[in-house]
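Hi,

Here is the structure I promised you.

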Amino acid sequence: MTLLQTTTTILICWVIFIIAWERILPYRKGLPFFREGFWVDLVWYTIIQSYVLKIVIFDYIINPVRLHFDWSGLQFFKSWSITEQVLFFVVTHDLYIYLFHRLQHASKLLWRIHEAHHSGKEVDFLAGSRSHVLEIIINQTIEFAPIVILGADPAVVPIKAMLDAMWGMFIHANINVKLGKLKFFFNSPELHLWHHANYREVFHANFSTKFALWDYLFGTIYDPGHKPGELRENWGLYYDYPKDYFLQHAFSVIRFDEKGLLKHNWFRHYYDLRPKLVNRIKILFGLRQAAKVVNMPPPLDADENLMSCNQ
Ligand SMILES: [Zn+2]
Ligand SMILES: [Zn+2]
């Protein structure tokens, strides 16, 4: 079995394990599996965006940079085992992520490429995948470029990518888990789900990804000992945010009122495109009677129409 096959198998097992854990011990009870935005997160962010950005980051950024800066000859990791190399990059990158994440919450400009991550009102194992294109390009270039340029073992990249995915799913998972004293060191849903809650107190807190240690060390921990609440307004952003992948990215450049734009025919055509397509697929697989989604909905119904197709 190749390394890639091994990491993929572990990842698939982890997904099944986390999904079962969410069903058995939910943090928020009654959160549906096919929650709002599930298909956008799965199809656009997890599959399409990840696939495209892997090519962009490695083939068009890191490899060309390596042609000019290749320090593998220094043999910096010559006497290091793969485990030691993975640990080194996990810890150093996690500290970077903490600092950059904190900066994103402090800077209006950088917030524009981070707000997508906070936009979900129903947070689960898949919610962590929702990250702006630029946020991923910046973070993953900074994450993987040193591994390649410094000449670490090639196995470090897939192993670290697997750990990122596993830890990302874990801290966003809707599971009621208490780490006890370990929570002072490792991050968990107990702390990170608060980071996705809609409260002023947590807007500048709980920035850690893998190690909660950073939040404790730098005084940005928020752990009130109770949950944020079950209501929709207790979660996500305090302002309206588009539900469509491309509109989410457009919103980071220019602010607009999604419902207001529905008075324009061209926008209503675009807005209807995905519900119509999903409806057709459902009809094709016999999941739904032919429904007339084609009739352009009035602005107030459009949101509901889109949401129903997310389920
Ligand atoms: Zn954040
Ligand atoms: Zn998150």
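Helix α3 (residues 82-106) and helix α7 (residues 156-172) have axes that come within 10 Å and cross at roughly 50 degrees. Axes here are lines fitted to C-alpha atoms, for helices over the stretch in contact, and angles run from 0 to 180 degrees between N-to-C directions. That angle makes α3 oblique to α7; the scheme calls angles under 35 degrees roughly parallel, over 145 roughly antiparallel, 65 to 115 roughly perpendicular and the rest oblique. The crossing of α3 past α7 is right-handed (a crossing is right-handed if the near helix is turned clockwise from the far one by less than a right angle, left-handed if anticlockwise). On the α3 side the contact uses I82, Q85, V86, F89 and V90, and on the α7 side V156, I159, K160 and L163. Residues count as in contact if their C-beta atoms, placed from the backbone, lie within 7 Å. By class, this contact has 7 nonpolar, 1 polar and 1 charged; Ala, Val, Leu, Ile, Met, Phe, Trp, Tyr, Cys and Pro are taken as nonpolar, Asp, Glu, Lys and Arg as charged, and the others, Gly among them, as polar.

Before going on, some housekeeping: this is a predicted model, where local features need pLDDT of at least 70, side-chain atom pairs count only at pLDDT 80 or more, and totals for chains, interfaces and linings use all residues. Residues are numbered from 1 along each chain as its sequence is written, with chains lettered from A and ligands numbered from 1 in the order in which they are written.

α3 also packs on helix α6 (residues 133-149), at an angle of about 155 degrees with the axes 11 Å apart. The two are therefore roughly antiparallel, and the crossing is again right-handed. Here F89, H93, Y96, I97 and F100 of α3 meet N139, I142, E143 and I147 of α6. That contact splits into 6 nonpolar, 2 polar and 1 charged residues. Note that F89 turns up in the contact with α7 and in the one with α6.

What does α2 do with α6? Helix α2 (residues 38-68) packs against α6 at about 45 degrees, with axes 9 Å apart. So α2 is oblique to α6, and it passes α6 in a right-handed crossing. From α2 come Q49, L53, V56, I57, I61, I62, V65 and R66, and from α6 V133, I136, I137, Q140, T141, F144, A145, V148 and I149. The tally is 13 nonpolar, 3 polar and 1 charged residues.

Zooming out, the protein has 13 helices and 0 strands (DSSP runs numbered from the N terminus: H or I of at least four residues for helices, E of at least two for strands). An automatic or database assignment gives domain 1 (3-234) and domain 2 (258-308), with C-alpha centres 32 Å apart. The C-alpha atoms fill a box of roughly 65 × 45 × 40 Å along the principal axes.

Cheers

Conventions:
Contact = placed C-beta atoms within 7 Å.
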